[in-house]
Amino acid sequence: MKKVVYIYAKMLAVAAMVFPAILCLAACAEEQSEPVIEIPMLTPGPTPTFVPEPAETGNDAVLPLQNPVPSEEPITGIQPSGTPDISGEKLIALTFDDGPYGEVTNRILDVVEAYRDQNVHVTFFALGSQVDKFPKTVLRAKELGCEIANHTYDHKNLTKIPTQEMISQVEDAADLVEQITGERPKLVRPPYGAKNDDVYAAVKYPLILWNIDTLDWKTKDTDSTVAAALGAGDGDIVLMHDLRHETAAAVEKIVPQLLEQGYKLVTVSEMFEAKGIELTMGKSYRKAK
Ligand code: NI
């Protein structure tokens, strides 16, 4: 009998721990359209179907500090960021959140590199914690003319943390990217798209959201991700995640098809600049039109 009581007590204790967590997950998922996939990150880590490759080794952790990308001259002769004369063109910004993950992000960068003669650039809203693991990947993205933007250090919901933590979530990630690339991210995408007046006041960067949500994190399906992205038009910001190979496979199809339709694929900063829309802190943007 004692044992039965003990087991019941133990079950109650477990339930008491688990229920609030479930309620929180439900609340978070309900509040925002951004991935539930990201929430597990806060507990045991992300749950991609692939095994993330180990963090890069070698001297690359110190290399960028000693040798930041020169602003005048790209290391490999690759087109630097800044696409010539895109005013008047049809523009789309493909954006990738929650990475970098070496293998998936590099597969996306392979596509960018394959179409570099057409100045294909994408934007990564990177997590500081992942940047720390994959500095070489971040540097490669920068060298290919992609934009490294800020998705906070480790994906906290900014509306649920104190102001000082909000600031450190953003600035710690920015510091890390700047150490690696020599350039500080200019844009922030708040995790889950969650923002309120406190976030606007504390985060001294423009907040970039999206207007085309591929739901790649939810469907885990290449074809539906492709279909959603191909629904984009001039001035749109497309949300994807460099977490899964299904998304990288989608990018391999999306890029050539959008180019064929006459779109230029540019970074978020390039698109707003070309459209003559100034990005300012204290405001959020879902599209450039
Ligand atoms: Ni995210």
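The model is predicted. Start with helix α9, residues 222-229, and helix α10, residues 245-260. The axes of these two helices come within 8 Å of each other, and the angle at which they cross is roughly 35 degrees. The crossing of α9 past α10 is right-handed.

The residues that make this contact can be picked out on each side. From α9 come Thr222, Asp223, Thr225, Val226 and Ala229. On the α10 side, the partners are Glu246, Ala249, Ala250, Lys253, Ile254, Gln257 and Leu258. Sorted by class, the contact between α9 and α10 holds six nonpolar, three polar and three charged residues.

Rolling a probe the size of a water molecule over the atoms shows where empty space is left. How many cavities of 30 Å³ or more does a search of the whole structure find? The search finds one. The volume of the largest cavity is about 50 Å³.

Its lining is made up of Gly99, Pro100, Thr105, Phe124, Ala126, Thr137, Val138, Ala141, Ile148 and Asp242. Two elements, β2 (123-126) and α5 (135-143), each give two or more residues to this lining. Which element supplies the largest share of the lining? That element is α5, with three residues. By class, the lining of the largest cavity consists of six nonpolar residues, three polar ones and one charged residue.

Notes. Residues are numbered from 1 along each chain as its sequence is written. This is a predicted model: local features need pLDDT of at least 70, side-chain atom pairs count only at pLDDT 80 or more; totals for chains, interfaces and linings use all residues. Side-chain values use heavy atoms; hydrogens and water are left out. Axes are lines fitted to C-alpha atoms, for helices over the stretch in contact, and angles run from 0 to 180 degrees between N-to-C directions. Helices (H or I, at least four residues) and strands (E, at least two) are DSSP runs, numbered from the N terminus. A crossing is left-handed if the near helix is turned anticlockwise from the far one by less than a right angle, and right-handed if clockwise. Contact means heavy atoms within 4.5 Å. Ala, Val, Leu, Ile, Met, Phe, Trp, Tyr, Cys and Pro count as nonpolar, Asp, Glu, Lys and Arg as charged, and the others, Gly among them, as polar. On a 1 Å grid over the protein atoms alone, a cavity is a set of points where a 1.4 Å probe fits but cannot get out, and a pocket is an open set with protein on both sides within 12 Å along at least five of seven lines; lining residues have an atom within 4 Å of a point. Grid points are joined across faces, edges and corners, and a volume is the space filled by probe spheres set on the points.
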